[in-house]
Amino acid sequence: RGRYKEGAVQAGIGELEAAGTDAEGLLGLRRSAEVKVPLFHVDHSVSRGMGVFMEASIGTGSSKQYVTLLLDSGSVSLAVLGHSTQTNFFLSDGCSSNWATAAENKRQTRRALRQCTVHDLRTISKGSCGLGGYDLNLSSSARPWPLGGTKFCPVWNLTFPSGSWAYESGGTCKSRTCYGDGSAIEADLVKDWLSVGGYSQEVPLHAICHVAGVFQEAPSSGIIGVASKALNCAKYYDKSTCYPGAMQQLLISQGLQRTLGLCLGFPPVPGSTFGTPGLLSLGGIDETLTSGGLYFSPLVSERFYIVKFHALGLDGTKIAHASSERGMNAMVDTGASALLMPTEAVADYYVRKCTENPSCVINIQLEGVCLNLVGISPDAIEVSNEMMLGFPALKSLYLVLDLEHDRVGFAGRSEKACNAKCNLFLSEATCTYARGCHWTEDGCTGGLSSGGSTSRGSTATNATSCFTVSLAPEELIQIG
C-alpha cells in the first residue's frame, strides 16, 4: 500500500505525457512512502457543512503561493481563487445558459475574498473569508495549458454533462464550471506546480477570474477534485481527450497508488480554542486509524465514486429496499453538505424518527458493506432523485477513495487520534487551531499535535449483518 510500483508508474507516465507533462525520469524514483497531511473542518453547523479542507502551495521558489483547498470527491479540477477575484460577477442564475451581460455585470456588487484571521477559524460562516489564494500574475512558473484549438481545448464551446466546459479565447483556454449548489466559476486554464505534504508536481489548474453564487466554502480559497480522469475530458465521448486531475497527477508522478485514506476532522466545540483536525493519507491507508476491519464496495461508474446500495434501515430494522436485485446507485461525495435520500418517504421517515430519538442509527446496506451511521442531524437529511452519501454521512467513518482498485472503502474509526506533525501545518491560523502546536517565525513547531479526531460511534460491518429484523412486507418502502 502506498509504495512504488514500476508497472503502475509506467502506465501513469503515459497519462501524464498525453496531458502535456514532462515525465522524463519518473521511473528512476526511489520507493515512495505514504505521507499524511492535516485535514480541517471548521463549520460550526457540523450537522451539515461541505466537508474538509487541506493546505498546499502552488508555484515554485519565491513565487510559491499558499492555498487551502476543499477536498471534493464529486469533482476533478483544481480551482483556486485569487486575492482579487471578483466573487459576484455573474447573476445568481449563472449556471443557466444565460450568463450576465456587460450591463448586468455592472449592476452587481463585486468584492474580493477577505483573508481569514486566527479568530475566524473559531467563528466561521459560509463564504465569509478564505485562507490564502492564487494570483496568476504573481507566479513565475505558470504556463498556459492546454492551448486553444488543441484536442484538450476545442475552438468551439462544448458543454460537458457535468456542467463544465472549456473554450478557446484569443489563443488561450478558459473554462466555465457549474456546481450542484448553483454556484459557478470562470477561469484561465494553466499548469503550475502543486506541493502537498512534501510532494510536488506540475498539474493542470483553473485560476479563477470570476465567481457566481457562494462557490467558496470558508476558509478554503479553492477546491481540489479527486474523482477519475474520465470526468476530465474535452470531448465527453472521446477518451483520448481525458487527462488526470491535479491530485491524480501528483500521486502518479510520485510512484504512489491512486488511493486516498481519509480521517475526517471536526470543528471546535463551542468555547474551545482548538479544533479537531483529521488526516489525509496520500497513496495509502492507515489501518491503525480503523476499527472492526475495512470493507470495500466496487465502483460502478468510471467518472464518479458511485457504488450500489440495496437497502436502508433504522436501529437494525430494515425499512426500505431497492426494487431491483442489482441495487441502485449511491454517490460518495465528500463535498456534499447533506445525506440525500432517493425518495421523500424514506427522507421523511428518517427525519421523523431521528427527531424523536437523536441517538438513532441509520443503516445503509451497500454492495459488500453495511454502514451504521450515528450523529446525523435530521437537518442534514434531504431528498433527491439519487442517493448521495455527503459529508454528514461520512464524517465519523474512515473513508478510502481508491481509484487504483476501482472501489470505495469504509471502516469505523479507532480510538487512535488523527494527530499530525506540527511542521505540516502551514499557517498561523491552522497551527494554532491544533492543540500542542505553536507558531513561531520559523513556522509551526511542537512535534506531534494532540486532540485529533477519534471514534464517534459510526461503524462499518459485513453487508449481510446489516439488519436484525425487517418491517412487514406491506410496510417496507420500495425504492425505484
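# Notebook: disulfides, salt bridges, sheet and cores

**Entry 1. Disulfides.** I began with the cysteines and found C233 joined to C242 by a disulfide, with an S to S distance of 1.9 Å. The model I am reading is a predicted one. I looked up the torsion about the S-S bond of C233 and C242; it is about 95°, so this disulfide is right-handed. Both C233 and C242 are buried.

I then searched the whole structure for disulfides, and the search finds eight. I wrote down two more of them.

C153 is joined to C173, with 2.0 Å from S to S. The angle about the S-S bond of C153 and C173 is 100°, and the link is right-handed. I checked where the two cysteines sit: C153 is in the loop between β5 (143–144) and β6 (164–169), while C173 is in strand β7 (residues 172–178). They are 20 residues apart, and the pair links distant parts of the chain. C153 has 0% relative accessibility and counts as buried. C173 is buried too, with a relative accessible area of 2%.

C354 is joined to C360, and here the S to S distance is 2.1 Å. The torsion about the S-S bond of C354 and C360 is about 105°, so this disulfide is right-handed. C354 is buried at 2% relative accessibility, and C360 is buried at 4%.

I also looked up C209, which is partly exposed, with a relative accessible area of 22%. The cut-off matters here: buried means under 20%, so C209 does not count as buried.

Entry 2. Next I turned to charged side chains. Side chains of opposite charge can pair when their charged atoms come close.

D286 forms a salt bridge with K36; their closest N and O atoms are 3.6 Å apart. D286 lies in the loop between β12 (278–282) and β13, and K36 lies in strand β1, so the pair ties together parts that are 250 residues apart in sequence. Is D286 buried or exposed? D286 is buried, with a relative accessible area of 10%. K36 counts as partly exposed at 28% relative accessibility.

E302 and K239 meet in a salt bridge through their side chains, at 3.2 Å from N to O. E302 is in the loop between β13 and β14 (306–314), and K239 is in the loop between β10 (222–225) and α3 (246–253). The two are 63 residues apart, and I noted this pair as another link between distant parts of the chain. E302 is partly exposed at 48% relative accessibility, and K239 is exposed, with a relative accessible area of 59%.

D402 forms a salt bridge with R407, the closest N and O atoms being 2.8 Å apart. D402 is buried at 1% relative accessibility, whereas R407 is partly exposed at 25%.

**Entry 3. A sheet.** I traced an open sheet of six strands, in the order β1-β12-β11-β22-β23-β13, and the pairing is antiparallel. Which strands are at the edges? The edge strands are β1 (35–39) and β13 (290–298), and each pairs on one side only. Neighbouring strands of this sheet are turned by 20° against each other on average, direction ignored.

I took a look at one pairing inside the sheet. Strand β11 (residues 259–263) and strand β22 (residues 397–402) pair in the antiparallel sense over five bridges. C263 stands opposite Y398 in β22.

Entry 4. I looked up S396, which lies in the loop between α5 (391–394) and β22. S396 counts as buried, at 6% relative accessibility. Leaving out residues up to four places away in sequence, S396 touches F266, V374, R413, R456 and S458.

**Entry 5. Nonpolar cores.** The largest nonpolar core has 83 residues. Which residues have the most contacts inside it? They are M247, L312 and F410. I listed the contacts of F410, again not counting residues up to four places away in sequence; among them are G293, L294, Y295, V332, L366, L397, Y398, L399 and A460. A second, separate core has 23 residues, including L289, A411, C422 and A434.

Terms used. Residues numbered from 1 in each chain as written. Predicted model: local features only at pLDDT ≥ 70, side-chain atom pairs only at ≥ 80, totals over all residues. Heavy atoms only, no water. Pairing = 2+ DSSP bridges. Helix = DSSP H or I, 4+ residues; strand = E, 2+ residues; numbered from the N terminus. Axes fitted to C-alpha atoms, helices over the stretch in contact; angles between N-to-C directions. Salt bridge = Lys/Arg side-chain N within 4 Å of Asp/Glu carboxyl O. Buried < 20%, exposed > 50% of the residue type's maximum accessible area, 1.4 Å probe, protein only. Core = buried A, V, L, I, M, F, W, Y, C linked by side-chain atoms within 4.5 Å. Contact = heavy atoms within 4.5 Å. Disulfide = S-S within 2.5 Å.
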